[in-house]
Amino acid sequence: MTGLVRAEWAKLFTTRVWIGLLLGVTALSVLSAVITTAFAGDPTVGVPPVGTPLYEQLALGSPSQAVVLMLVLGIIGTTQEYRHRTATPTFLTTPRRGRVIAAKLLAYALAAVPFAVAVTVVTDAVVAGYAGARGAVPELTGDNLRVVVTTALALVVYTVIGVGVGALVRNQVGAIVGGLVYVFVVEGLVRTFLGAVYTWLPGGALEALTVTFQGPDLLERWQGGLLLLGYGLGAALLGTLFAVRRDVS
Amino acid sequence: MRLDGRTGPADDEERAIPTAPTRVPGPVRVEVSGLTKSFGAVRAVTELGFTVEPGAVTGFLGPNGAGKTTTLRMMLGLVRPDQGAATFDGVPYAALPHPVRTVGAVLETAFHPARSARNHLRVYCHAAGLPPARAEQVLAQVGLGDAAGRRAGAYSLGMRQRLALATALLGDPAVLVLDEPANGLDPEGIQWLRGFLRHLAHEEGRTVLVSSHLLSEVEQTVDRVVIVGAGRLVREGSMAQLRSGAEGSVLVRSPEPARLAEVLRGAGIAVTAAEDGALTVLGRSSAEIGSRAFAAGIELHELRPHASGLEEIYFRLTSGREQFAAAAPAAPVEGAR
């Protein structure tokens, strides 16, 4: 399994996709933090003022705005095999395809950790600088620290979900477009009109996990974390079953 | 380009490459039996069975759409057969303890366009637990040593064929399976591939199965043939056996073609006349035709056996899908197993 994980890392780091996505995730997260800080205390926007716990958790939770790009990273990880037809040599080398998917899950989960750390460090540095300039540097303790850790965790889990979705859908463009539409359109609509359902969707679970000032509809933090992890493993399991059964031609 | 598999000074990894018959992995016989596969309502392969022997190059021939690629993919566990199985010394591909060390396959000439050839090969070194240095060795073996750092996306089709072959060679396998490997190769490349495959089979005792839709393309390379048409076995045997089935014809020219045709027809011999007066005689030797003409006192200007029988046999065997779809599966040529 070590060799298979190393093979997946070799695939990931011998093209430039990871650089683009890492920059994208960081940019999106920083942008979200900057906007949150810029409008903090503006009554027309509704962001609480700098120095309040609510503002600090919102700003420090900015990486959760970029989870969709980690989803894309995971999706590309599996779908590139089909897009570039490397699934053939991959499954020839490892005929037990479940092992390939398991190695991808492990490789991408592990690779996502330094990604998440990098995004978190950059974002928190920007928040510290900008919020400091506006009056108060958020302390990384208590609820603040919890937000930082859980958002980083969410980045990792979304990568795992992406690997599973990719194994399930196989078509790269279809999987990415579907993922974006789901995250940005479907979940938004469900959140607005079907709050009870949203609670149980990945977005609801993500919100429960990362946001401390919870609305009444959301699960407990640990429940949200478990549910999100469940989505990741569920997608991976389904993806594995499909990958094993389908013909590679 | 070197054909002998040696790449450089001896070191630890060097031992992975066979340099003498003693280093070659043990001979592995491939057996295919009863393979059947439908895609929806379309029957791609029907009860296909044949064997591939070590120490020889076996041509897997048939027109496009005959089910060659599907068969190869079923043999290698990529496509799930409806029925039947393929085994390598009795073991199905998916159950082999070290699949790439037993079987190397060239099925696909597609690569991630942004990844270099070296990195492509290293991925599979990691996955198969082979030393990364194997990548350099197989690149040298197929003559891509100088292009190792270039993106595979910038490769020509011929170079991609070589890179695919390099991938297949990574595990130093006893069996090599190649799907249309000559596609995109220039004449020099085809010549090289020919020598390379024959070397692997004849000098090193490996089992080589190479598919093609053109007999002429592999005629000089293969020792045995497995011919399929419309997903069924049409013929299995040695090239010599295939050749012996060639029904020769003889071209005859004479200043008296009409009288000669009359004489030959009178002896119950089939004769066809061309517009320019030449006669084509089927199924008789030049000697017999010559002596009959001599006996009748007819002058001959040309008496030439027609040599392209093999291509005609292949065409006859594989043309007319309906004919073969309706026929019972052909029995293997005697002595094929």
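**Helices, interface and sheet**

Modeller: One thing to start with: the crossing of H2(A) and H4(A) is left-handed (the near helix is turned anticlockwise from the far one by less than a right angle; clockwise would be right-handed). This is a predicted model, where local features need pLDDT of at least 70, side-chain atom pairs count only at pLDDT 80 or more, and totals for chains, interfaces and linings use all residues. Residues are numbered from 1 along each chain as its sequence is written, with chains lettered from A and ligands numbered from 1 in the order in which they are written.

Biologist: What angle do H2(A) and H4(A) pack at?

Modeller: About 165°, with their axes 9 Å apart. Axes are lines fitted to C-alpha atoms, for helices over the stretch in contact, and angles run from 0 to 180 degrees between N-to-C directions. H2(A) and H4(A) are therefore roughly antiparallel, the word for angles over 145 degrees. Helices here are DSSP runs of H or I with at least four residues, strands are runs of E with at least two, and both are numbered from the N terminus.

Biologist: Which residues of H2(A) and H4(A) meet?

Modeller: From H2(A), A:Val17, A:Leu21, A:Gly24, A:Val25 and A:Leu28; from H4(A), A:Leu69, A:Met70, A:Val72, A:Leu73 and A:Ile76. Contact means C-beta atoms, placed from the backbone, within 7 Å. These residues divide into nine nonpolar, one polar and no charged (Ala, Val, Leu, Ile, Met, Phe, Trp, Tyr, Cys and Pro are nonpolar, Asp, Glu, Lys and Arg charged, the others, Gly among them, polar).

Biologist: And H3(A), is that enclosed or open?

Modeller: Largely enclosed by the rest of the structure, because six of its eight residues are buried. Buried means 20 or more other C-beta atoms, placed from the backbone, within 10 Å of the residue's own. A:Tyr55 and A:Glu56 are among the buried residues, and the cover includes H2, H6 and H7 of chain A.

Biologist: New topic: how many residues of chain B touch chain A?

Modeller: 28 residues of chain B are in contact with 24 of chain A. The largest share of chain B's side, seven residues, comes from H3(B).

Biologist: What's the strand order in the open sheet of chain B?

Modeller: S11-S12-S10-S13, with antiparallel pairing; strands pair if DSSP finds at least two bridges between them. S11 and S13 of chain B stand at the edges with a single partner strand each, so one side of each lacks a neighbour in the sheet.

Biologist: Which helix lies across S10, S11 and S12 of chain B?

Modeller: H9(B), residues 257-266, running at about 160° to S11(B).

Technical notes. A residue is buried if 20 or more other C-beta atoms lie within 10 Å of its own, exposed if 12 or fewer, and partly exposed in between; C-beta atoms are placed from the backbone. Two residues are in contact if their C-beta atoms, placed from the backbone, lie within 7 Å. Angles under 35 degrees count as roughly parallel, over 145 as roughly antiparallel, 65 to 115 as roughly perpendicular and the rest as oblique.
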